[in-house]
Amino acid sequence: MQMHPTSCEHAPTAPLASAPSAGSGCPVPHGAVETLHFDAVVVGGGIAGSTTAAALADRGFKVLICEAGLPSKKRLAGELLHPPGAAELDALGLLEPLKAAGGVPVYGFAIFKNAADPGTVLSYSEIPGGRPIGIALEHAVLTRTLLDATRARPNITVWEGGRVLGATPSVVGSPSMVAVRMGESVRHVTARLIVSAEGRASKLREEAGIQTHDEAPFRMVGWAIEGARLPLPSYGHVFIGGPTPILAYQVSKDSVRIMFELGMDESTEIGPELLAALPEPFRRDVIRGMANSPKATARFQGFRPERVVANNLAVVGDAGGCVHPLIASGMSFCIADGVRLAASLKDPATPLTEGLQSYEMARSGPMRTRSALGPAMVEALCSKEPSMRLLRHGLFRYWSGSPRGRGASMGLLSTREDSMVVMAREYAIVCAHALVGVGTGAVARREAIPAIRGLVQRTAELAKGVMPSREELEARALGALGRVGARR
Ligand SMILES: Cc1cc2nc3c(=O)[nH]c(=O)nc-3n(C[C@H](O)[C@H](O)[C@H](O)COP(=O)(O)OP(=O)(O)OC[C@H]3O[C@@H](n4cnc5c(N)ncnc54)[C@H](O)[C@@H]3O)c2cc1C
């Protein structure tokens with residue numbers, strides 16, 4: 001194991017028993033022990049952890065990544081990365097390793113209303129500016145490749161198999177002490193900055209008292225199927241003709257991932273009513289593949305935290321909120337978080353407080369847009385409610401007639417565009433297209449009034465989201481106060 005300790009490595013530390021421990025969850029060692037010091041400890045070496053560590057190290061931070069154990073192939077998680085995420089990985093020098101590990105190009109999405117539909121294609125190339133190609137590969141290969149590529153860089157130490165047990169809160173600018181279990185022993189390090197990249201179930205976020213707004217949980221079940229014939233290879237596929245959406249895309253030259261959404265109490269057996277949404281010959285390939293390949297599952301629960309900064313803790317990636325996998329924005333957001341955090345902190349010599357507040361502010365708008373977009377998209381594509389059937393009609397009408405509309409939707413879905421105002425504008429345009437559908441078969445005449453009412457109510461709810469939350473306004477006010485204080 002390679003180490004890049006800074007000045008504290010050879011200095012005898014203060015008696016550790018005097019370090020704060022109450023409520024921190026961090027066991028404090030007794031007696032004088034030599035403690036390593038890093039500028040930042042990144043807890044979790046998944047996509048968010050690896051990319052945040054790489055971005056911080058590029059700015060001169062000496063970083064320790066602690067990764068308890070990367071996921072196996074049985075874990076169902078992100079595999080399709082939109083172009084903005086791929087571009088940011090490229091800038092960090094981490095895209096080439098993914099290509100070398102077998103990553104396949106992705107050119108956009110195609111949505112299939114039923115098994116006979118040829119599909120509505122939404123290409124990345126229609127997004128104004130930016131690169132038009134994403135990348136996909138199996139999650140376990142992706143995380144392993146990123147962590148190994150990050151480990152090889154200067155300023156980065158990785159403790160694989162290292163589970164962080166807790167971190168003491170930093171008191172008046174002093175570093176935190178972090179306890180890491182490695183096998184049978186517990187090691188201690190100090191760091192000025194602690195980054196929680198622990199995923200959804202972040203303990204450090206919880207210990208810092210950060211509240212979350214949680215959605216209802218559901219399950220995803222999936223298979224990687226060799227040789228399955230997707231209608232449009234190199235595109236993400238969304239099949240919406242069944243009771244819940246089905247996602248499918250290539251994860252290697254020869255293999256296709258398919259994922260079904262199921263309720264928490266539903267059996268993970270895939271019945272004919274779900275499969276009926278798939279076109280032939282893909283459906284046949286899926287039935288064959290499900291019988292011959294192992295099943296992967298995931299419990300999913302969308303949530304939004306009230307903030308992502310507490311004292312010297314910064315929360316990144318899924319630990320800072322997640323949104324329905326249908327929009328495949330999780331990994332792009334993880335990578336953007338790493339880049340945002342490093343850009344806000346500037347370098348290891350700059351005081352943390354102002355940088356962390358900048359991070360909070362830089363992230364809150366994009367997270368608000370993403371949290372609104374995910375559920376809105378899932379409802380618009382999949383809900384059987386009259387208002388949403390009407391909206392769906394408007395969405396497809398907009399997409400079929402307007403390359404600009406397709407580009408705007410893909411800009412939002414891919415995270416290239418993260419403005420809530422743009423999202424609200426696009427929603428209003430889709431609503432206008434939807435109203436034309438009244439009486440044309442999208443909704444029956446007798447459903448027209450409840451459909452329009454439902455649409456108005458949903459639009460009003462969304463419009464509320466355009467306003468920053470109380471927490472966001474508070475963070476902005478505190479940030480402004482901090483900047484005034486610093487100038488004096
Ligand atoms: C079914 C499904 C499909 C998805 N599809 C897509 C998609 O196509 N595209 C997309 O962009 N996103 C997708 N996502 C979302 C994507 O998977 C996540 O956004 C992404 O994996 C989050 O990465 P992360 O690094 O934040 O968290 P995680 O991947 O959860 O990684 C956290 C890491 O922290 C480690 N850890 C936790 N606690 C500790 C500790 N105390 N000490 C040390 N290590 C610790 C864990 O071992 C883990 O490796 C999907 C998600 C699901 C569930």
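Which residues in helix 11 meet Val422, Met423, Glu426 and Ile429 in helix 12? In this predicted model, local features need pLDDT of at least 70 and side-chain atom pairs count only at pLDDT 80 or more, while totals for chains, interfaces and linings use all residues. Residues are numbered from 1 along each chain as its sequence is written.

The residues of helix 11 that meet these four are Gly405, Ala408, Ser409 and Leu412, two residues being in contact if their C-beta atoms, placed from the backbone, lie within 7 Å. By class, this contact has 5 nonpolar, 2 polar and 1 charged residues; Ala, Val, Leu, Ile, Met, Phe, Trp, Tyr, Cys and Pro count as nonpolar, Asp, Glu, Lys and Arg as charged, and the others, Gly among them, as polar. Helices (H or I, at least four residues) and strands (E, at least two) are DSSP runs, numbered from the N terminus.

The axes of helix 11 (residues 403-413) and helix 12 (residues 420-435) cross at roughly 140° and come within 11 Å. Helix 11 is therefore oblique to helix 12, since angles under 35 degrees count as roughly parallel, over 145 as roughly antiparallel, 65 to 115 as roughly perpendicular and the rest as oblique. Axes are lines fitted to C-alpha atoms, for helices over the stretch in contact, and angles run from 0 to 180 degrees between N-to-C directions.

Helix 12 also packs with helix 9 (residues 352-382), at an angle of about 25° and with the axes 9 Å apart. This makes helix 9 roughly parallel to helix 12. Gly365, Arg368, Thr369, Ala372, Leu373 and Ala376 in helix 9 meet Met420, Met423 and Tyr427 in helix 12. The contact of helix 9 with helix 12 comprises 6 nonpolar, 2 polar and 1 charged residues.

Around the ligand there are 39 residues, of which Gly44, Gly46, Gly199, Gly317 and Gly330 come nearest; a residue is near if its C-beta atom, placed from the backbone, lies within 6 Å. Elements that give two or more residues to this shell include helix 1 (47-58), strand 2 (63-67) and helix 8 (330-345). Helix 8 contributes the largest share, 4 residues. By class, the shell divides into 22 nonpolar, 11 polar and 6 charged residues.

Two backbone features lie in loops. The peptide bond from Glu280 to Pro281 is cis, with omega near 5°, and Pro281 lies between helix 6 (272-275) and helix 7 (282-292). Asn155, although not a glycine, has a positive phi of about 75°; this residue is placed in the loop between helix 4 (139-151) and strand 8 (156-160).
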